[in-house]
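I opened the model to look up its nonpolar packing and one of its sheets. My entries follow.

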Amino acid sequence: MLRIGRATDTLPVTVPHVIARRHKQSGQPRYEDPWLLREGLNKPESNEQRQNGLKMVDQAIWSKKMSNGVRRTPVSAEQARSYNRQIRPAVLDSSSRVKWTNTAHHPLHLVGEEALYVNPSDCYNIHWPVVRGQLNVHAGRGGSLTAVLADLEAIWSHVIQKHLEIPLKDLKYYRCILLVPDIYNRQHIKEMVNMLLLNMGFSAIIVHQESVCATFGSGLSSACVVDVGDQKTSLCCVEDGVSHRNSRLCLAYGGSDVTRSFFWLLQRAGFPYRECQLSSRLDCQLLQHLKETFCHLDQDISGLQDHEFRTRFPEAPALLYQVRLGDEKLQAPMGLFYPTTFGIVGQKMTSLQYRSQGDSEDPHDEHYLLGTQSKQDQSSKSAADRKALSRPGGGLEGEMSPGSQLDMELGPSQGECLMGAGEVDDPPSALLSRKTAIMSQFESKALGLDKAILHSIDCCASDETKRKMYSSILVVGGGLMFHGAQEFLLHRIINKMPPSFRRLVDNVEVITRPKDMDPRLIAWKGGAVLACLDTTQEMWIHQREWQRFGVRMLRERAAFVW
């Protein structure tokens with residue numbers, strides 16, 4: 001979803017972040033970015049992995065007692081299947097009154113809901129410009145960085161004109177705040193700022209991180225921010241408006257993976273809407289709605305229950321279905337804690353913050369500073385260096401620290417999390433290659449949400465900071481809005497906490513609805529708060545400054561280490 005609005009608005013406009021573009025020539029093949037489908041689902045091991053994940057989920061459900069002290073009685077899919085297989089839908093209305101988007105006037109592009117309801121037989125390609133929290137750059141049609149930025153500009157311009165009723169020629173009187181992920185691609189951010197200031201014509205911009213804005217929006221000074229989105233889950237420890245780089249973690253799964261997993265479980269239980277397809281946009285929308293309506297994380301809700309749902313599709317009657325469900329409603333969201341249930345094989349599932357690769361427009365960046373700093377150190381301590389080099393394994397510090405920092409940022413604590421101690425005597429190249437191997441092994445694993453929170457907090461520098469984070473775990477985004485989620489996550493964190501911290505931390509607190517606000521809007525609210533603060537005046541990057549100095553302005557003005 002795109003969330004956009006004036007800083008003075010109570011709520012932002014929320015629009016599906018999707019665009020339909022008309023074919024340039026007739027007879028062109030249709031292209032559509034997938035929604036619930038993704039790479040790595042159809043591998044030979046996928047089904048086995050799903051089954052193993054489900055066994056772990058069932059074991060976890062059984063092992064946790066209900067509030068009355070009794071263990072849950074598991075309900076097998078077979079019990080629901082025999083009932084669901086004989087269900088036939090009731091016709092509510094001969095016409096669903098839902099229509100395909102009218103494309104008779106051949107618009108060049110359509111945005112949001114209109115794009116979702118474009119008839120598949122019309123000559124339009126469907127693009128989602130943001131996937132898993134990053135720009136959707138890929139090798140397929142419309143996947144170049146230029147095309148993705150053009151899609152973003154078209155969507156944002158349309159929403160600003162239609163929903164906010166601001167003519168594009170008036171944007172020179174407006175400033176904008178762009179919220180970016182905690183683990184960001186510097187090249188993409190640079191191009192987006194270019195687009196907003198030079199193409200769309202905003203007079204100034206502030207770029208800030210989602211996690212920090214989430215703390216502003218919830219009124220907390222410090223928190224471990226857990227942002228569970230539709231396609232990615234990001235974690236970061238924020239202290240007094242600063243995001244700790246070593247604690248940043250991005251997991252390549254979210255609410256849509258729970259939806260797909262729920263569909264797989266529904267099929268096992270004989271789902272009565274048998275024509276449902278993950279490749280259909282409207283079916284994906286229906287499945288998202290069913291997940292949000294039926295799924296929960298409350299151990300006390302057990303046994304088989306009867307539900308009903310409606311289907312309303314264009315050029316089809318409105319239908320009412322009955323469906324009987326048991327543990328499927330609890331098993332699906334538990335996939336966030338046991339991600340093997342999603343059956344994703346051979347994909348990068350965890351991302352850490354990497355160091356900048358450098359930018360030709362910004363010659364005095366951290367590479368330059370590290371390089372000049374090490375030269376100064378060498379000249380001032382040449383005698384000491386000669387002595388150090390004469391010892392076996394000497395000189396490692398002088399040679400390694402710039403190299404390892406340039407390659408990737410693993411702070412001391414994150415390095416210790418991933419690497420064993422006692423490896424310092426190895427030559428620098430061996431140490432670096434081992435570090436790279438451990439990183440790639442770590443990134444191929446899908447950490448469960450509770451383990452990821454513990455890892456993020458454990459990478460904070462001091463015990464005092466860790467204590468603060470345990471007492472303020474802030475869950476934002478729309479991916480964990482299930483009934484019972486707060487108590488469920490709290491129980492798992494307390495059970496998995498290091499024993500040494502159980503004694504130190506007075507209270508572990510999980511906050512899922514700060515100030516009773518919708519968790520999906522908290523980061524946006526924080527951006528609105530940021531816009532009104534006096535202290536942000538020095539953070540604005542003006543159009544003329546950007547034209548003159550370019551990306552150097554981000555290093556000078558961004559409120560985080562660029």
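This is a predicted model: local features need pLDDT of at least 70, side-chain atom pairs count only at pLDDT 80 or more; totals for chains, interfaces and linings use all residues.

How many residues has the largest nonpolar core, and which have the most contacts inside it? I found 84 residues, with I453 and L480 having the most contacts inside this core. Residues are numbered from 1 along each chain as its sequence is written, and side-chain values use heavy atoms, with hydrogens and water left out.

I took a nonpolar core as a set of buried Ala, Val, Leu, Ile, Met, Phe, Trp, Tyr and Cys residues joined through side-chain atoms within 4.5 Å. Buried means under 20% relative accessible area, with a 1.4 Å probe and protein chains only.

I listed the contacts (heavy atoms within 4.5 Å) of L480. Leaving out residues up to four places away in sequence, L480 touches V228, L297, L336, L449, V475, A485 and L489. Another core, of 39 residues, lies apart from the largest one and includes I160, V180, I189 and M192.

Next I looked up a sheet. Strands are DSSP runs of E with at least two residues, and helices are runs of H or I with at least four, numbered from the N terminus; two strands pair if DSSP finds at least two bridges between them. The sheet is open, has three strands in the order β4-β16-β15, and pairs antiparallel. Because β4 (90–93) and β15 (305–311) each have a single partner strand, one side of each is left without a neighbour in the sheet.

I counted three bridges between β4 and β16 (residues 318–325); D93 has A318 as its bridge partner in β16. Helix α2 (residues 77–84) packs on the sheet, touching β15 and β16, and its direction makes about 150 degrees with that of β16. Angles run from 0 to 180 degrees between N-to-C directions of lines fitted to C-alpha atoms, for helices over the stretch in contact.

Key:
Buried means under 20% relative accessible area, exposed over 50%, partly exposed in between (1.4 Å probe, protein chains only).
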